[in-house]
Amino acid sequence: MPVSDHVTFNMAPTLAPSRKGWSLISQTLVDVTVETARSYPRLIMEANGSGSQGFPELKNDTFLRAAWGEDTDYTPVWCMRQAGRYLPEFRETRAAQDFFSTCRSPEACCELTLQPLRRFPLDAAIIFSDILVVPQALGMEVTMVPGKGPSFPEPLREERDLERLRDPATVTSELSYVFQAITLTRQQLAGRVPLIGFAGAPWTLMTYMIEGGGSSTMAQAKRWLYQKPQASHQLLRILTDALVPYLVGQVAAGAQALQLFESHAGHLGPQLFSKFALPYIRDVAKQVKARLQEAGLAPVPMIIFAKDGHFALEELAHAGYEVVGLDWTVAPKKARERVGKTVTLQGNLDPCALYASKEEIGRLVQQMLDDFGPQRYIANLGHGLYPDMDPEHVGAFVDAVHRHSRLLRQN
């Protein structure tokens with residue numbers, strides 16, 4: 001969420017990769033063969049001018065340990081949309097600036113990512129960006145309309161419209177600004193907490209590209225699934241082929257975990273989800289892990305968050321992700337029974353619970369922690385923070401998680 005490219009912040013410019021360095025990285029990320037992939041770490045270090053000590057040592061790894069299923073001293077917590085309009089400093093930074101211009105400014109993205117960390121003792125940061133930078137990189141025009149949301153002036157309507165899309169192999173070069181933002185933010189975090197990278201899942205991106213924006217029914221996108229199944233799979237494959245090197249590139253740039261947002265899972269029933277969403281969710285995880293290994297990069301935990309996808313919890317638990325995110329419509333105990341003990345769960349307080357009093361927030365958090373249990377769990381909301389929420393209530397949520405989770409372990 002943005003600030004113009006002309007806005008500057010008090011950051012050490014020597015920590016940002018040089019223009020030459022990022023040109024080299026972008027070119028390398030375009031071709032994700034084994035040979036070029038192996039050079040990612042070297043290129044990142046050269047770009048940073050920091051040798052083998054590219055990033056500061058991590059001081060708080062609680063989130064990562066929970067994601068990997070290791071025991072932790074307390075339950076880690078972060079919030080989806082924690083860098084958002086509920087913060088006055090966010091609104092000030094973004095005032096009168098185009099949304100996607102901000103996304104293309106590494107300095108602005110870094111500043112917005114860090115803002116909530118200055119207020120709250122969160123256990124992870126998530127890079128400020130947007131899932132729709134991928135359709136943009138594929139050649140589609142996307143604007144952010146105030147009061148309406150994202151808008152595609154020329155959405156995909158017919159099968160032949162797929163010919164308008166760029167080769168997915170070029171996406172990483174188009175999105176070098178995201179990698180720059182991740183590297184700069186990782187440096188500026190100074191090891192305080194891990195940094196999460198993210199992307200939208202293929203089906204969710206497909207819905208925007210066909211609907212032309214948000215929709216309460218996704219009828220146009222679902223029409224494609226029924227009337228143009230072959231073209232639908234073609235588009236989903238294009239998106240998968242774009243997402244894999246993009247996510248690998250985020251790790252190469254410094255992301256320490258990845259979250260895939262299947263925000264529109266709830267518009268699909270079990271059959272359509274199994275046919276048009278789940279195979280690509282699985283493929284993204286499988287390919288990203290393979291490419292990281294080929295590149296000589298350390299593995300990172302991957303999170304799948306399929307909103308309203310309660311009908312596919314078992315399948316998601318076996319889709320290749322270390323963490324399954326839950327929305328607030330899922331009972332924690334039942335979710336654990338369904339997914340077993342081999343994955344970490346993340347979630348799932350109703351975001352609207354933050355409208356309650358601080359005392360009530362503490363009670364709701366305590367109940368949530370009791371239901372999820374002390375281990376293999378990351379606290380979060382069941383969806384993102386809303387713009388009109390009181391920052392003090394967000395702080396009450398974070399503090400309650402830390403306080404009650406420590407008490408839970410003592411008992």
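**Figure 1. Leu 354 sits in the loop between β8 and α17.** Welcome to the first close-up of this predicted model, in which local features need pLDDT of at least 70 and side-chain atom pairs count only at pLDDT 80 or more, while totals for chains, interfaces and linings use all residues. Residues are numbered from 1 along each chain as its sequence is written, and side-chain values use heavy atoms, with hydrogens and water left out. Helices (H or I, at least four residues) and strands (E, at least two) are DSSP runs, numbered from the N terminus. With a relative accessible area of 2%, Leu 354 is buried; buried means under 20% relative accessible area, exposed over 50%, and partly exposed in between (1.4 Å probe, protein chains only). Not counting residues up to four places away in sequence, Leu 354 touches Leu 349, Ile 361, Leu 381, Leu 385, Met 389, His 393, Val 394 and Phe 397, where contact means heavy atoms within 4.5 Å. Glu 392 is 38 residues from Leu 354 along the chain, and their C-alpha atoms are separated by 9.5 Å.

**Figure 2. An open sheet of 7 strands runs in the order β1-β4-β5-β6-β7-β8-β9.** The pairing in this sheet is parallel, and two strands pair if DSSP finds at least two bridges between them. β1 (125-126) and β9 stand at the edges with a single partner strand each, so one side of each is left without a neighbour in the sheet. Strands of a sheet pair through backbone hydrogen bonds, either parallel or antiparallel.

**Figure 3. Strand β8 (residues 344-349) is joined to β9 by 5 bridges, and the two run parallel.** Along this pairing, Leu 345 stands opposite Tyr 377, Gln 346 has Ile 378 as its bridge partner, and Asn 348 stands opposite Asn 380. β9 (residues 377-381) is mostly covered, with 5 of its 5 residues buried. Tyr 377, Ala 379 and Leu 381 lie on one side of β9, Ile 378 and Asn 380 on the other, and all are buried. In a regular strand the side chains alternate between the two faces of the sheet. β8 is mostly covered too, with 6 of its 6 residues buried.

**Figure 4. Val 134 and Phe 397 touch the most other members of the largest nonpolar core, which has 137 residues.** Helix α13 (residues 229-253) gives this core its largest share, 14 residues. A nonpolar core is a set of buried Ala, Val, Leu, Ile, Met, Phe, Trp, Tyr and Cys residues joined through side-chain atoms within 4.5 Å. Setting aside residues up to four places away in sequence, Val 134 touches Leu 175, Leu 205, Leu 239, Ala 242, Leu 243 and Tyr 246. Leu 175 is found in the loop between α9 (171-174) and α10, and counts as buried at 1% relative accessibility. With residues up to four places away again left out, Leu 175 touches Val 133, Val 134, Ala 137 and Tyr 246. Gly 249 is 74 residues from Leu 175 along the chain, with 9.5 Å separating their C-alpha atoms.

**Figure 5. Thr 185 lies in helix α10 (residues 176-189).** This threonine is buried, with a relative accessible area of 0%. Apart from neighbours within four places in sequence, Thr 185 is in contact with Cys 110, Thr 113, Leu 114, Ile 127 and Leu 195.

**Figure 6. Helices α11 (residues 202-211) and α12 (residues 219-227) have axes that come within 8 Å and cross at roughly 110°.** That makes α11 roughly perpendicular to α12; angles under 35 degrees count as roughly parallel, over 145 as roughly antiparallel, 65 to 115 as roughly perpendicular and the rest as oblique. The contact involves Trp 203, Met 206, Thr 207, Ile 210 and Glu 211 of α11, together with Ala 219, Gln 220, Ala 221, Lys 222, Trp 224 and Leu 225 of α12. Axes are lines fitted to C-alpha atoms, for helices over the stretch in contact, and angles run from 0 to 180 degrees between N-to-C directions.
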